[in-house]
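Let's walk through a structure together, one feature at a time. Have the picture open and ask whatever comes to mind.

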Amino acid sequence: MDYSLSITAANSQIRGFFANTRETAETARKNYNTTPVVSAAVGRLLTGTAIMGLMLKNNKDILTVSLKGDGPMQGIIATADSMGNVVGYAYEPHVVLPLKSNGKLDVGGAIGAGHIHVIKDMGLKEPFSSTLPLISGEVAEDLTRYFGVSEQTPSVVALGVLVDRDLSVKHAGGFVVQLMPEASDDVITKLETNLKTLDTVTNMMDKGLDPKGIMNTVLKDLNPVINETREIRFLCKCSKERARNALVLIGKDEILDILDKDGKANIHCHFCNSDYKFSKNELLELVKEVD
């Protein structure tokens, strides 16, 4: 089971989230049979977006994060709620690029130069929206900047996906650690000291550390306290009934046009790569309903 630990540290001067998301990232990989660099990109964004979703206050709040660029992958997008449900995909799932000089997957090169977009729909008249230029396209750095600039909250975001030899996701996870306004200089210095010698998320996971172990490493000498454990899952809410409702919404004339041109319809869900097919008879029944 994928999950995230919600924690505070240093007498609530720090808050954080530490997550294991291997199953979530592997589900996304299977949906589109993604190449390793795409699996890494989508897995990182799913992890970061799921954690950000857990920061939402209300059950009906929805968060969408996308990175769009001029690289061959074109972009990635993920949507999450406050209950730990997240979905996401890449615009081009089968990109292949050479490894970087350090032997790592070139996620930034796959996305290219562009922007990060964050939209929070909290049931207000207008959703909160923020757009910033990408720093690297590596996801974690761009989310760190988003928190600092758009939410004015000093944050450290670390995300990682390790792809196995059979191209499945071996490890995936990450953390977000944020300084509260009352954080003292001593607390900030201790955190910075810990981060200077910190290994990558995937290396720590490959050594057997779970979210609690990573938490204790990141927040050494800062007395972290686990407040809540929340499950994280890749959960797409699409269904044939929802696809049917979408057809109803386009109206009688459009359905008749589909019947005339194709004689059938196919509604595709980009998030989970599912297809919902409607026969001629089903479309004719819809025409009667709309009429």
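Q: Is R29 buried or exposed?

A: Buried means under 20% relative accessible area, exposed over 50%, and partly exposed in between (1.4 Å probe, protein chains only). With a relative accessible area of 12%, R29 is buried. Before we go on, a word on the source: this is a predicted model, where local features need pLDDT of at least 70 and side-chain atom pairs count only at pLDDT 80 or more, while totals for chains, interfaces and linings use all residues. Residues are numbered from 1 along each chain as its sequence is written, and side-chain values use heavy atoms, with hydrogens and water left out.

Q: Where does R29 sit, and what does its side chain make a polar contact with?

A: Helices (H or I, at least four residues) and strands (E, at least two) are DSSP runs, numbered from the N terminus. R29 belongs to helix α1, residues 22-32. A polar contact is a pair of N or O atoms within 3.5 Å; within protein, one must be able to donate a hydrogen and the other to accept it, and residues adjacent in sequence count only if both atoms are side-chain atoms. Here the side chain of R29 makes one with the side chain of E26, at 2.8 Å.

Q: Which residues is R29 in contact with, leaving aside its neighbours within four places in sequence?

A: Contact means heavy atoms within 4.5 Å. For R29, that gives T34, S39, L167, S168 and V169. Let's follow S39, which lies in helix α2. S39 counts as buried, at 3% relative accessibility. With neighbours within four places set aside in the same way, S39 touches R29, T34, V161 and V163.

Q: Which residues of α4 are buried?

A: In α4 the buried ones are A140, D142, L143, Y146 and F147. They cover an arc of only 165° around the axis, so they are on the same side of α4. That arc is taken from the directions from the helix axis to the C-beta atoms. They pack against α2, β3 (62-69), β6 (114-121), β7 (128-133), β8 and β9 (169-179). After α4 comes Q152, whose phi is positive, near 50°.

Q: What about α10: which residues are buried there?

A: In helix α10, residues 280-290, the buried ones are L283, L286 and V287. Their arc is only 105° around the axis, which puts them on the same side of α10. The face turned away from that buried side carries the exposed residues N281 and K288. The buried residues of α10 pack against α8, α9 (252-261), β12 and β13 (274-278).

Q: What volume does the largest pocket have, and how many residues line it?

A: On a 1 Å grid over the protein atoms alone, a pocket is an open set of points where a 1.4 Å probe fits, with protein on both sides within 12 Å along at least five of seven lines; lining residues have an atom within 4 Å of a point. Grid points are joined across faces, edges and corners, and a volume is the space filled by probe spheres set on the points. The largest pocket has a volume of about 700 Å³. Its lining has 31 residues, with R44, K104, L105, V161 and T202 nearest the centre. The elements that give two or more residues to this lining are α2 (36-54), α4 (140-150), β8 (155-163) and α6 (201-206). The largest share, seven residues, comes from β8.

Q: Which residues lie closest to the centre of the second largest pocket?

A: The second largest pocket holds about 300 Å³ of space. Among the 19 residues that line it, C236, K237, C238, R242 and F271 are the closest to its centre.
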